[in-house]
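Subject: Structure for you to look at

Hello,

Here is the structure I promised. My notes follow below it.

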Amino acid sequence: MTSLHAYLVVALLLFCIGLYGLVQRRSLVAMLIALELMLASVSLNVVAITSLSGTASSVGQVVAIILIGVAAAEGAVALSLFVAIQREVQSINVENLSELKG
Amino acid sequence: MNWDAFLFGASAALALIGALFAVALKNIFHNILGFALALVGVAGLFLTLGSDFLAIVLLLVYVGALGIAMVYAVMLSQPLDAPPRRRSAAKVTGAALLAAAVAGALWLVLRGARFPVRGGPLEVTPQWTGYRLLTDYVLAFELISVLLVVAMMGAVMVARRDRTQAGRERLARARAAEAGAAEAGEAP
């Protein structure tokens, strides 16, 4: 039986790898990938805690399904925004998106 | 070494290696493949927790739908053979330090945490999850479906080419050029 802490440590590492990617990358698609990694680590956390500890595991399943749905909606909107941005600015590098900078 | 521990170790390694590929490699296409690998690892972790249904949903949504959509977005945006621009070492180090600091803080919290232990992972069948989703948690279920519909319609509207005046002009020019090329091709 693998302990709960092992799952939580894996989720922690996934989250921090995602955070590093989100801060370090400049391509919008790469930043979205990092963000989705962080979301996946959160749902792993929820499922691990509710199925290895406590009494009610139904909540974990439902929360994870909601998280996956939100991630899918977010990804669809974000990717279509990237396509629109590419069309306007001819780049999806965040350092070129400085139109609102004074 | 028993089967459970082996499955856990293999899935965790797959998830972490995939995540490293997803953020560290230069080529955006390799990043997407690494992302898919990481999500396969997370699905394996869900399997070791007894949540078969969630593992399948995760594979379908993330690896199947989102991965393909990302490939499309990359194909529609930047050229893959463009040379990567240099990144200043200070910024990379700063990002790594930030991630390490967050990891350290979370580890401090995690180390002291004590959780009441359940005997083993519960078997959560798809029937049981579906029953719960349509009885106790039906509001969340309906909200998710509304959110998905709105997001899908919004995505289509945002990505339309004739959404702005400039976009409409570009589209008209492209169509005129296409028609001109077709005529030129037929003439001789």
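Chain B is split by the domain assignment into domain 1 (1-80) and domain 2 (137-188); such bounds come from an automatic or database domain assignment. The C-alpha centres of these two domains of chain B lie 29 Å apart.

Before going on, the ground rules. This is a predicted model, where local features need pLDDT of at least 70 and side-chain atom pairs count only at pLDDT 80 or more, while totals for chains, interfaces and linings use all residues. Residues are numbered from 1 along each chain as its sequence is written, and chains are lettered from A and ligands numbered from 1 in the order in which they are written.

Back to chain B, and a helix pair. Helix α2 (residues 28-48) of chain B and helix α3 (residues 52-76) of chain B have axes that come within 8 Å and cross at roughly 175°. Axes are lines fitted to C-alpha atoms, for helices over the stretch in contact, and angles run from 0 to 180 degrees between N-to-C directions. α2(B) and α3(B) are therefore roughly antiparallel (angles over 145 degrees). On α2(B), the contact includes B:Phe29, B:Phe35 and B:Phe46. On α3(B), B:Leu58, B:Tyr62 and B:Met70 are among the residues involved. Contact here means C-beta atoms, placed from the backbone, within 7 Å. By class, this contact has 20 nonpolar, 1 polar and 1 charged residues. Ala, Val, Leu, Ile, Met, Phe, Trp, Tyr, Cys and Pro count as nonpolar, Asp, Glu, Lys and Arg as charged, and the others, Gly among them, as polar.

Now chain A. It has 3 helices and 0 strands, in the order α-α-α from the N terminus. Helices (H or I, at least four residues) and strands (E, at least two) are DSSP runs, numbered from the N terminus. The C-alpha atoms of chain A fill a box of roughly 50 × 25 × 25 Å along the principal axes.

Last, the interface. In chain A, 60 residues are in contact with 70 residues of chain B. α1 (4-24), α2 (28-52) and α3 (58-89) of chain A each give two or more residues to that side. The largest share, 22 residues, comes from α3(A). The chain A side divides into 41 nonpolar, 16 polar and 3 charged residues.

Best wishes

How values were computed
Two residues are in contact if their C-beta atoms, placed from the backbone, lie within 7 Å. Angles under 35 degrees count as roughly parallel, over 145 as roughly antiparallel, 65 to 115 as roughly perpendicular and the rest as oblique.
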